[in-house]
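Morning, everyone. Please have the sequence and the model open while I talk. I'll point at places, and you find them on your screen.

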Amino acid sequence: MRQSRLISNCLLNRGNAIGSILVTKLYIPPLQPKAVLRPQLTKHLNQCKQRKLTLVSASAGYGKTTLISEWVANCKQPVAWLSLDQEHKDAGSFLTYFIAALQTIFKDIGHSLLATLQSPQHPSTDFILTNLLNELTDIPEAFILVLDDYHVIESESVDNILTFFLENMPPQMHLVIATREDPHLPLALLRGRGQLTELRAADLRFSHSEAGEFLNRMLGFELSADKISLLSTRTEGWITGLQLAAISLREHENSSAFIESFTGSHYFVLDYLIEEVLKQQSESIQSFLLYTSILDRMCGSLCDTVLGSPTGTGQKTLEYLEHTNLFIIPLDSERCWYRYHHLFSELLKQRLLQKSAPLAGGLGVAELHIAASEWYEKNDLHIEAFHHATLANDIDRSLRLVQGNGMPLYFRGAVGSVLNWLRTLPGSVMDKKPLLWITYASVSLGSGEISGVEQKLKAAEAALETAVQNKMTRDMTGQIASMRAIVGVTQYNPEIIKTQSLRALKYLSSENLSSRTTSKWTLGQAHLLLKEYSAAKEAYNEAISIGKTSGNVLFSLLARADLGSLQEWDNQLHSAAETYLQILTLVGDQPLPVLCDVHLGLARIFYQWNDMDSALQYADSSIELARLFENTIDRFITCEIFRSHLKLVAGNRDEAASQLAGIARSIQQNNYVHRIPELAAQQVVTLITQGRLEAAAQVAEKHVLPIHAAQVFLARGDTSSALKKLEAFQAGTDTASWNQEQLKAMLLQAIAIFEQGEQDWAVRLMDKVLTMTEPEGFIRIFVDQGIPMCRLLSETAVRGIMPRYINRLITAFKAEKQENEEIQGLIDPLSQREIEVLELIAQGFSNHEIGEKLFLALDTVKGHNRRIFSKLEVKNRTMAIAKARSLTILKPE
Amino acid sequence: MSGKDDFETDPDQSMVYQIRLKGCLSSKWSKWFDGLTITQGDNDETLITGAVADQAALHGLLKQVRDLGIPLISVKPIK
């Protein structure tokens, strides 16, 4: 129970009070009390379980599931079970359940992978498989994973996953596949290597003696060898046939007559027997079986709804069917969910169809599906509700369920099902409902198939032209424009994005908050590309504020992330950090591609604040996130470059340099040309630190990096060349806004001027920069400029400019450059507490009074006084006040 | 294969197919097989005959046969 709760918690939107449907797919079918035991076969399976794969491949009704569940019940190994269905055709969904199944035996396996699979944008399949295999390799004991009903998958991507898995599976793992048709896996290869065990129809067929054993010994009939032989021949050892025959036999008083007429009939075994079995049931059980055959799984209340019976007898009937062995299989240990034996349910469905001109007062098949759909919807199982709506061919209902409430179904793990449904709809139906085309386009867009989007939007537009214009058609026109804007974003085309976003906002209904959020975000992107930064901020802020009520989580997150990076670029470190941290709070544990930028942004901000531990932590997590997502793969270069800078600052020059060399290789291998300038810039910084100034100069020149070139000149003592470079840089930039590059250029300029002896000018420049950086708490931008900057700061402080801020900066310098005597010799900055004490001294309070005010012991106050006097190089309180005022640590009188 | 001589082999075109199964299925199964005709052949065989929209539809039909577990003898296009 604990474990199942664990899993359902991981799978967002899939758990509910009725008991998670997920768990029913992972439940090992229990051995039926009167099941057919096959000791020879289970012994064979046991002997072969050190091989990689066991394949049980035979038609319906050969007892594949029963055999495997009998075997695993006694194999004394951990066993995970996954009953596959249509839903698992999609690779992401298959992997989700695959991992969830493994978690039933090893609860710590793949937790972070499962979380990544739940986010709307999956990481690459290779990444997930490699990591999963790594985790499985560490498991010490042998274990088995069973994939039942593999024939329903019919998906090349899932076949590929399993092929990869079989090639790389750790030896302690054994895979079992039960299927009605041979899977597209490299079976010949596995057979050749002796890694495959096969059980096929011929192996599963009952021999005459097994049939006798089953009928006489297990079920207690007393049939002669002749009769056994007749039955066995008629059913051709087909297990389901024998079981159905046994049920019929039980009710027949005259077994000979039954056997005679059965074996004399030419009708298909099951067709004959199902008729027999149904005949023997009461009318109410017959209707129950027929009506509920449309359900893939049943629980009492669902059956009641489908049957339209308010009496609530569903649960009792299910228990009765289980008790009488009527091909019903419990799907959980609480006896909440059941399903029919697949073959039995096919036969029932055929009978239902045959009668679908409903019995008097009976129900048509479509109505049954609608009832099921309504039940599932009421119980918040929207994917199942959608499934039954499509089976009822109720397009309006299906479409409504796909649309969801703000969060479309295809963002909740049902992309495959929704696409399959849309693909089956004839164009003529779609043309009558433009919303179908729009949804089709939206699903394609959401699943990354950008190229087919425009064609669907055109079809939607054409369909809209013939429709009666009203509020809804206007909104659809808006949605079309909104999607075109998103396509524009993927093409970095600001004109298209802007035009279409504005058109979308004009047409979208005021209630369509979800699409409005998206369009505000795309508008922001257009402004960003056009360098209209304040307009971009405004659009993002609007997207965020609409997004709060729209439920459009994804785009309001994107808007927040983009707003954060704009704030960061604008040097608003506090606001940016706040925006980024809000995103982390909103997202929780879900990994999303956008988080990579958020973590990297936080790493840069904490770095700037000189909080190295936090910076390192965020840098590491940004790299992890970048590697998760294929489509953001080159983003990891930016993260790695920053990470190497942190190494460099921590004093590991050589390690930083070799990391950079590795990054350079991966840029070259993958042809990420647009990442080269970032790399070059960091190479210059690293080379300067290594003292390799010639090489640094070359890199800076080659990649036209004026600020970095100036840094190299300064390191060489060539201040006039440095100034030339900086002036050229500043001439080419917009001085209305102050990004970090510009701040850095000013600082380098100040250093150059200072070194040339123009102290007043340099201090004036510093005053200007400090005024901008102080409120945002910048530290590293100063410390990274090295000892000349420290000298300049000290001079600036002596002139009484922002002494407290400069104190903090010099403290940071001292902590970092402990081996440097010049820096250590500078006046020690006063601590915050020392400044407080000094302020009270200046107000004329005695040591005793100061102690009382600050809740300090008298000795502690005296200690502070001694340190203040020594730092200010004075002998008494009066001199200290005068010196502090001259340094403007205290306000002048 | 002599298919080319007998009929057009456009895979996307609707064509009449005949599926032979081992065992008798009554004509009541016609609805289950999407209205195709069900007749009895020789030797306890069943013939399912009718127009199938395209290859995808044919494969869907074969899957229905598979899911019943009824043995398949042959599938052939007829004029």
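Start at A:Leu82. Skip its neighbours within four places in sequence, and A:Leu82 is in contact with A:Lys25, A:Leu26, A:Tyr97, A:Phe98, A:Ala101, A:Val146, A:Leu147 and A:Asp148. Two residues are in contact if their C-beta atoms, placed from the backbone, lie within 7 Å.

Some housekeeping before we go on. This is a predicted model: local features need pLDDT of at least 70, side-chain atom pairs count only at pLDDT 80 or more, and totals for chains, interfaces and linings use all residues. Residues are numbered from 1 along each chain as its sequence is written, while chains are lettered from A and ligands numbered from 1 in the order in which they are written.

Now, the cores. Which residues have the most contacts inside the largest nonpolar core? They are A:Leu82, A:Ala101 and A:Val146, in a core of 204 residues. A nonpolar core is a set of buried Ala, Val, Leu, Ile, Met, Phe, Trp, Tyr and Cys residues joined through C-beta atoms within 7 Å. Buried means that 20 or more other C-beta atoms lie within 10 Å of a residue's own; exposed means 12 or fewer; partly exposed is in between; again, C-beta atoms are placed from the backbone. In soluble globular proteins, nonpolar side chains tend to be buried together.

Which helix gives this core its largest share? Helix H33 of chain A, residues 594-608, with 9 residues. Helices (H or I, at least four residues) and strands (E, at least two) are DSSP runs, numbered from the N terminus. There is also a second, separate core of 43 residues, and A:Val699, A:Ala710, A:Ala750 and A:Ile806 are included in that one.

Stay with H33(A). Its partner here is helix H34 of chain A, residues 612-628: the two pack at about 160 degrees, with axes 8 Å apart. Axes are lines fitted to C-alpha atoms, for helices over the stretch in contact, and angles run from 0 to 180 degrees between N-to-C directions. So H33(A) and H34(A) are roughly antiparallel. On the cut-offs: under 35 degrees is roughly parallel, over 145 roughly antiparallel, 65 to 115 roughly perpendicular, and the rest oblique. The crossing of H33(A) and H34(A) is left-handed. That means the near helix is turned anticlockwise from the far one by less than a right angle; clockwise would be right-handed.

Who meets whom? From H33(A), residues including A:Leu595, A:Leu602 and A:Phe606 meet residues of H34(A), among them A:Ala615, A:Tyr618 and A:Leu625. This contact has 12 nonpolar residues, 4 polar and no charged. Ala, Val, Leu, Ile, Met, Phe, Trp, Tyr, Cys and Pro count as nonpolar, Asp, Glu, Lys and Arg as charged, and the others, Gly among them, as polar.

Next pair, further along. The axes of H41(A), residues 740-755, and H42(A), residues 759-773, come within 8 Å and cross at roughly 160 degrees. That makes H41(A) roughly antiparallel to H42(A). Their crossing is left-handed. The contact residues include A:Leu747 and A:Ala750 of H41(A), and A:Trp761 and A:Leu765 of H42(A). They divide into 12 nonpolar, 3 polar and no charged. Recall that A:Ala750 also belongs to the second core.

One more pair. H12(A), residues 225-235, and H14(A), residues 255-264, have axes that come within 10 Å and cross at roughly 30 degrees. This crossing is left-handed. A:Lys227, A:Leu230, A:Leu231 and A:Arg234 in H12(A) meet A:Ile259, A:Phe262 and A:Thr263 in H14(A). That contact has 4 nonpolar residues, 1 polar and 2 charged.

Now the loops. A:Met802 lies between helices H44 and H45 of chain A. Its phi is near 40 degrees, a positive value in a residue other than glycine. Buried or exposed? A:Met802 is buried, because 20 other C-beta atoms lie within 10 Å. A:Glu154 sits in the loop between strand S3 and helix H8 of chain A. Phi of A:Glu154 is positive too, near 45 degrees. With 15 C-beta neighbours inside 10 Å, A:Glu154 counts as partly exposed.

Last stop, chain B. Chain B has 2 helices and 4 strands, in the order α-β-β-β-α-β. Of its 79 residues, 20% are buried. Where does chain B touch chain A? The contact takes 14 residues from chain B and 15 residues from chain A. On the chain B side, 6 are nonpolar, 3 polar and 5 charged.
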